[in-house]
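Please read it with the sequence and the coordinates at hand.

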Amino acid sequence: MTIPFIDLKSQYRLIQDEVKKGIEAVLEHGAYVMGPEIRDLEARLAEFTGVKHAVACASGTDALLMALMALGIGRGDAVFTSPFTFMATAEVVSLLGATPVFCDIDPVTLNMDPESLDTVIQRTRAERLDLRPRAVISVDIFGVPCDYDAVDAVCRNHGLTLIQDAAQSFGALYKGKRCGAFGTIGCTSFFPAKPLGCYGDGGMCFTDSDEWNDLLQSVRIHGQGRDKYENVRLGINGRLDTMQAAVLLAKFKLFPREIELRQEAADRYAALLSQVPGLTVPTVPADCRSVWAQYSVLARDAAHRDELMAKLKAAGVPTAIYYPTPLHLQKAYSSLGHKPGDLPVCENVGSRIFSVPMHPYLTAEVQEQVAKAMLA
Ligand SMILES: *Cc1c(COP(=O)(O)O)cnc(C)c1O
């Protein structure tokens, strides 16, 4: 038996009738683009997230891009974010001609460190007279919410707009409030491997404001005005397929239970893997609930990580490294002029982190195998 890193087949078995019925209905009614399932999904996920509006779109990347386009981010603007994330978070900033500016991360939550964020904003204001600070993109890495009280305070102090990248944290809670509901616009992804995934690409923007909602709706469809052929601004083709909305409606029924199952799996891992000498298991702040997009652990150092990953591989346990190279040291960002040592916490974490299998259908037996392999 091979151990999957993420088990989408077990989930499919539970909902296949529902999924097939949903797709069949779309095939029958024929509204493949912006069909009734889109509105239905938007209404349900807005309610779940506790916000007024949800705007379904083609990917998490498009959700972020649409949010920045709605804000009018462009050349000369600085957007502050964490370098310990998936490329898309910063890439959308650069695609609009703006400049991503990276701060360091907290060594425990691995999310942006609000103090470092504040320092980097101040330094940018003082030294980069060519840049206009505009926005912050917070990332809830691996499903753990950022310290939103502190991040909000920094944004308010500096007059910056907060965009939440909740691609990994949809379903997670910060002080009882759902991820996706923070900032001016919250963004998430329905890539299959995310906590709530579809069977292809998908994403969503969330906002409480009627005005931002109107802008997002317009940007999603080529900057449309009153109708398709009136274009009042630049936009994109950012629509979610109706078929994927049908898939998500079926999967969403399982989602609340899946969040509980992920937490149970995380609790079992914490008990088992804290026995491994030199290994640090994740801790979630007391006022947060993670959605466990990944279960990522920290080895002592790079050599220790190599050793543990080799043992797991030999035992047939798949692993992954999120993320070995922080964005500020990626070749794509060489023009920013960073060098190793600039963001030391993030770089150190990148050198010793790795992730083990995590999904709602992970059994205690498999988790014991994972621990046994590391202890061997
Ligand atoms: C997956 C992810 C994205 C991009 O989502 P896509 O749907 O793959 O475009 C953006 N940010 C983070 C943190 C992600 O994990």
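A salt bridge is understood here as a side-chain nitrogen of Lys or Arg lying within 4 Å of a carboxyl oxygen of Asp or Glu. The model under discussion is a predicted one, and the structure holds 14 salt bridges.

Among these pairs, Glu-42 forms a salt bridge with Arg-220, with the closest N and O atoms 2.9 Å apart. Glu-42 belongs to helix H2 and Arg-220 to helix H7 (residues 210–220), so the pair ties together parts of the chain that are 178 residues apart in sequence. Glu-42 is buried, its relative accessible area being 5%, and Arg-220 likewise counts as buried at 1%. A further salt bridge joins the side chains of Asp-210 and Lys-52, at 2.8 Å from N to O. This pair, too, links distant parts of the chain, since Asp-210 lies in helix H7 and Lys-52 in the loop between H2 and S1, 158 residues apart. Asp-210 is partly exposed, with a relative accessible area of 40%, whereas Lys-52 is exposed at 51%.

The side chains of Lys-311 and Glu-307 meet in a salt bridge as well, at 3.7 Å from N to O, and both residues lie in helix H10, 4 residues apart, which is about one turn of the helix. Salt bridges that share partners also join Arg-39, Glu-42 and Arg-220 into one network. The three pairs described above are set out in the table.

| Pair | N to O distance |
|---|---|
| Glu-42 and Arg-220 | 2.9 Å |
| Asp-210 and Lys-52 | 2.8 Å |
| Lys-311 and Glu-307 | 3.7 Å |

Turning to the sheets, 7 strands form an open sheet in the order S1-S9-S8-S5-S4-S2-S3, with mixed pairing. Strand S1 (53–57) and strand S3 (99–102) stand at its edges with a single partner strand each, so one side of each has no neighbour in the sheet. From one strand to the next the twist averages 25 degrees. Within this sheet, strand S8 (residues 185–189) and strand S9 (residues 203–207) pair in the antiparallel sense over 4 bridges, and Ser-189 stands opposite Gly-203 in S9. Helix H6 (residues 148–158) packs on the sheet, where it touches strand S4 (132–139) and strand S5 (161–165), and its direction makes about 145 degrees with that of S5.

Another open sheet is formed by 3 strands in the order S7-S6-S10, with antiparallel pairing. Here S7 and strand S10 (288–289) are the edge strands, each with a single partner, so one side of each is left without a neighbour in the sheet. S6 and S7 pair over 2 bridges in the antiparallel sense, and the bridge partner of Tyr-174 in S7 is Lys-177. In the loop between strand S6 (173–174) and strand S7 (177–178) lies Lys-175, which has a positive phi of about 45 degrees although it is not a glycine; Lys-175 is partly exposed, at 48% relative accessible area.

Leu-110, in the loop between S3 and helix H5 (114–127), also has a positive phi, near 70 degrees, but Leu-110 is buried, with a relative accessible area of 7%. The peptide bond from Tyr-322 to Tyr-323 is cis, with omega near -5 degrees, and Tyr-323 is found in the loop between helix H10 (302–314) and helix H11 (344–352).

Notes: Residues numbered from 1 in each chain as written. Predicted model: local features only at pLDDT ≥ 70, side-chain atom pairs only at ≥ 80, totals over all residues. Heavy atoms only, no water. Pairing = 2+ DSSP bridges. Axes fitted to C-alpha atoms, helices over the stretch in contact; angles between N-to-C directions. Contact = heavy atoms within 4.5 Å. Buried < 20%, exposed > 50% of the residue type's maximum accessible area, 1.4 Å probe, protein only.
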